[in-house]
There are 2 protein chains.
Amino acid sequence: MKIDFNLNKLCIHTITTKPLGFEDACARYAALGVKGISIWRDAVAGLDSKTVSDCLKKNDLSPVAYVRGGFFPALEAEKREAAIEDNIRMLQEASELEIPLLVLVCGAEPKQSLQKSRDQIKEGIETLLPVARKYNVKMAIEPLHPMYADTRSAITSLKQANEMAEHFNDDLLGVAIDVYHLWFDDDLEAQIKRCGKNDNLYAYHICDWNVPTTDFLLDRGLMGEGCIPLKQIRGWVEEAGFRGFNEVEIFSEKFWAEDQDEFLDKIVDAYLNHS
Amino acid sequence: MKIDFNLNKLCIHTITTKPLGFEDACARYAALGVKGISIWRDAVAGLDSKTVSDCLKKNDLSPVAYVRGGFFPALEAEKREAAIEDNIRMLQEASELEIPLLVLVCGAEPKQSLQKSRDQIKEGIETLLPVARKYNVKMAIEPLHPMYADTRSAITSLKQANEMAEHFNDDLLGVAIDVYHLWFDDDLEAQIKRCGKNDNLYAYHICDWNVPTTDFLLDRGLMGEGCIPLKQIRGWVEEAGFRGFNEVEIFSEKFWAEDQDEFLDKIVDAYLNHS
């Protein structure tokens, strides 16, 4: 496929092409003209930071986000402290890899109230902010779909993420907007505007909602395959001042079973035509 | 099991014990002291209304709701008209069966915007209200979980259901609150209060959210098994003035595969101890 310079704002999450090793993924993204990469921790586990940095430079790829910190809530104080320790390590790793942003999937503990989990998320972020400053790595709260409210995120709306970011009002803390989690929200346009106005719109993730969806986690669709009004939401995000990458984050058993070069071609086509 | 008179407010949806025939279900609910039954259309298909009414009287069961009308949105006008015709038949059937309430699962069409689907829902309800008046059958808008926003309901929050009911401000139109769809909403307490204040709180459905949940539709939990704060929500509902039945609505392949008498014993126990 010929390099398409309209891909300057296209970023792919390594998990999207999970079967590919990190260096292989970088080479294939670059060959298509993709300019950004969001790096899942697993994808670079075992690689030293120089190998990762060299690979990014060689392929002219900008590291966009390190994925994923968070998971702060727990019943026991020791578990909460362990989560914070792990987030500190991720900030350090992001710094070493020169990745500017850590995405926070904030977590939830089903044996306690969502409010209690949100309080623990707040405590976790408060503890991490000085560390983020030390390493000069930003953090983005990612609100998740309410179907993940049991164990993955007590922050289930952009409104809640905005409130949390505004509470801290820190230039190292913002929000990651993922269409999968928020597309149905009738308050979405207003909350995106609010997010931008407060300089909290740090990241924009795209994929689609399959109709029907057959798995709670691993059946995300390619842009254009489902029912998410992607162009409308992108319009709102850009009107809110966002100028960063469009990050393709697709967890899909179906696509992972396919030839990854063919899948990457589909991603580029879907990005250009349906997002 | 001995009859427990604390079961006066317990209602069971026929689909909860799907393997049982209607008359069998009635007899078994009554034997446990259950006083209410919500009747799914399938459960009484093929039975004449006298058989149904006699069965309810014999077992001293109050019919609580007829389930489920709605599904108004469609791309084609003919399909929308067909949906309205079907809802008219359901209102007539409810009247014949002396069921006071029709539950509306409002529907959504993934090929159009949620707002467009909500407009079509509004048109459908507007057309049905005179029919509901003629038959003296109330209707309850049931907001569904956002994970059903693609095809089942463009009304995904209690706020939206309240707004729709308040728009019509009609004593035949209210809201059905199902904990499964709304438990995570940080605005839930306020919206329940609003619903009650406007005399729109027509029905209260209970079950639980399994952790993990393995199926989008058929893995609902028994009260106490999951993470929904059932007693807290029931408190809000009762503070809002609701004095109707607590309707157990559980779709579960797991429980449907069990002995239904054992399952009914579990329901009674869960209702008394965890809801």
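Q: Let's start with B:Asp24. Where is it found?
A: B:Asp24 is found in helix α1 of chain B. Helices here are DSSP runs of H or I with at least four residues, strands are runs of E with at least two, and both are numbered from the N terminus.

Q: Before we go on, what kind of model is this?
A: This is a predicted model, where local features need pLDDT of at least 70 and side-chain atom pairs count only at pLDDT 80 or more, while totals for chains, interfaces and linings use all residues. Residues are numbered from 1 along each chain as its sequence is written, chains are lettered from A and ligands numbered from 1 in the order in which they are written, and side-chain values use heavy atoms, leaving out hydrogens and water.

Q: Thanks. Back to B:Asp24: how accessible is the residue?
A: B:Asp24 is partly exposed, at 32% relative accessibility. Buried means under 20% relative accessible area, exposed means over 50%, and partly exposed is in between, with a 1.4 Å probe and protein chains only.

Q: Which side chain does B:Asp24 meet in a salt bridge?
A: That of B:Arg28, at 2.9 Å from N to O. A salt bridge here is a side-chain nitrogen of Lys or Arg within 4 Å of a carboxyl oxygen of Asp or Glu.

Q: How are A:Lys159 and A:Glu163 placed in their helix?
A: They are about one helical turn apart, because they sit four residues from each other in helix α6 (residues 158-168) of chain A. A:Lys159 is partly exposed at 31% relative accessible area, and A:Glu163 is partly exposed at 36%.

Q: What does A:Glu249 form a salt bridge with?
A: With A:Arg220, and the closest N and O atoms are 3.7 Å apart. This pair links distant parts of the chain, 29 residues apart: A:Glu249 is in the loop between β10 (246-248) and α10 (253-256) of chain A, and A:Arg220 is in strand β9 (residues 220-221) of chain A.

Q: Are those two buried or exposed?
A: Both A:Glu249 and A:Arg220 are buried.

Q: Which residues are linked in a network of salt bridges?
A: A:Arg41, A:Asp86, A:Arg89 and A:Glu93 are linked that way.

Q: Switching topic: how many disulfides are there?
A: Zero, over all chains. A disulfide is counted when a pair of cysteine sulfur atoms lies within 2.5 Å.

Q: What about B:Cys195?
A: B:Cys195 is in no disulfide either, and its nearest cysteine sulfur, in B:Cys106, is 13 Å away. B:Cys195 is buried at 0% relative accessible area.

Q: Where are the cis peptide bonds you can show me?
A: One runs from A:Val211 to A:Pro212, with omega near -5°. A:Pro212 is in the loop between β8 (208-209) and β9 of chain A. Another runs from B:Val67 to B:Arg68, with omega near 5°, and B:Arg68 is in strand β3 (residues 62-70) of chain B.

Q: What is phi of A:Phe71?
A: Near 50°, a positive value in a residue other than glycine. A:Phe71 lies in the loop between β3 (62-70) and α4 (77-96) of chain A, and is partly exposed at 32% relative accessibility.

Q: And phi of A:Asp199?
A: Near 55°, which is also a positive value in a residue other than glycine. A:Asp199 is in the loop between α8 (188-197) and β7 (201-206) of chain A, and is exposed, with a relative accessible area of 62%.
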